[in-house]
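Hi everyone, thanks for making time this morning.

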Amino acid sequence: MTDFDVRPVTEDERRGTLDLLGRSLHTNRISDESWARYGDSWPAAHKFGAFDGTTPIGIASSFDTDIAVPGGAVLPLGAVDGIGVRADRTRRGVLTAMMAVQLEDFVARGIPLAALHASEPTIYGRFGYGSAALGKTVWLPRPAARLHDRVPAAGDVRMLTPQEALAEIPGLYRRIGLHRAGMIGRPAEWWPIAHDRLAGPTGSHVVAVHSGPDGDDGFVVYDTVDRRTLESPDEGAVLKVRELHAADPVARAALWRFLLSIDLVSGVRARYRPVDEPLAAMLADHRHARTADVEDDLWLRPVDVAAALAARAYRAADPVVLAVTDRQLPANTGHYEVTPDGTHRTDAAADLALDADTLGMLYLGQWSATALAEAGRIEVRTPGAAARADELFTTVTAPWCGTHF
């Protein structure tokens, strides 16, 4: 017997549930002005609340989008963008009940994958989410860091006004495309908060666009942080890169060259960059590309294991049979044969055994089966099977999301 109900959020409950989410994440209450600016980015669709009578005590929110998977296929994705429980109702089953309803909704609507960014990493593994992509924080000191002479240089970089950025960047992101496994689409409701950082009352972000022979093909969004103090009045500012997307290496290099050319700057800091982005190799002195941190960038949850496994591509190797256990969605529990030509359910004996969250870690290619086995997350039942799985699941480029949600 519970003292709450979990049900869909109605239109007139949108603001109350957003306030609840903000309080659970220790942010300020939504003002009338803020709600007017980006309330449309918090639609009632795909939101489930836990209610004590008519009072919200928990919220589980998501939006529908797409995600690129290894091999280039793009699958429907449930992007979980807000989970919170009121502080006086935690550890009473509220979160578990909401997550169960949300997963059931994904299943009912035929969504094969779900993803989130975890505020507390220890929470989401028990709901079948695994850390599927990593991102690094890089620090480039100025003026020491500069690109070497052989880095390709072509095209032009121009800065946009906030109004130009609002009009141009959504289309440019779509044009660049989901070219790396883990990248996701940005539906209309994603953009209002991003736009607020540019043109809102306190908007301070700057956008620069690269144009190549075929038109605009990359952009960077950054902010400037003043580091001057009474003790260090001449300390240069820091450029904080929020995102940098490019269709090809030439556009990417041009945007980094632009950032490293800005005057009165002591350094450039970029968080959640692809772990295999070759910034060090692009510099005249590779030691000036400093990795300050490596963090989980995206958590992935197979909702329909058969559909998810069948959609991605695999490298040439002998087949492997996976025994998948899914405690939240038992219909996924079973054996799956993975081959270079695809996957299917099977009654054959398993070579490797793993839970749904570990499959989420393996799926995009960030983690090897061997590493996960050594970490105790995969049970090896057939000698050599982990090495075969490594070959099957390995990707040439590391997965990366690159979108905050």
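Let's begin with E1 and strand E2 (residues 47-52), which pair in the antiparallel sense over four bridges. Strands pair if DSSP finds at least two bridges between them, and strands (E, at least two residues) and helices (H or I, at least four) are DSSP runs numbered from the N terminus. Within this pairing, Val6 has Ala50 in E2 as its bridge partner.

A word on the source: this is a predicted model, where local features need pLDDT of at least 70, side-chain atom pairs count only at pLDDT 80 or more, and totals for chains, interfaces and linings use all residues. Residues are numbered from 1 along each chain as its sequence is written, and side-chain values use heavy atoms, leaving out hydrogens and water.

Now, what is the order of the 12 strands in the open sheet? It runs E1-E2-E3-E4-E5-E12-E6-E11-E10-E9-E8-E7, with mixed pairing. Strand E1 (5-8) and strand E7 (156-160) each have a single partner strand, so one side of each is left without a neighbour in the sheet.

There is also an open sheet of five strands, ordered E15-E14-E13-E16-E17, again with mixed pairing. Its edge strands are E15 (342-345) and E17 (378-380). Strand E14 (residues 334-339) pairs with E15 in the antiparallel sense over four bridges, and Val338 stands opposite Thr343 in E15.

Finally, helix H12 (residues 385-393) packs on this sheet, touching E13, E14, E16 and E17; contact means heavy atoms within 4.5 Å.

Terms used:
Axes are lines fitted to C-alpha atoms, for helices over the stretch in contact, and angles run from 0 to 180 degrees between N-to-C directions.
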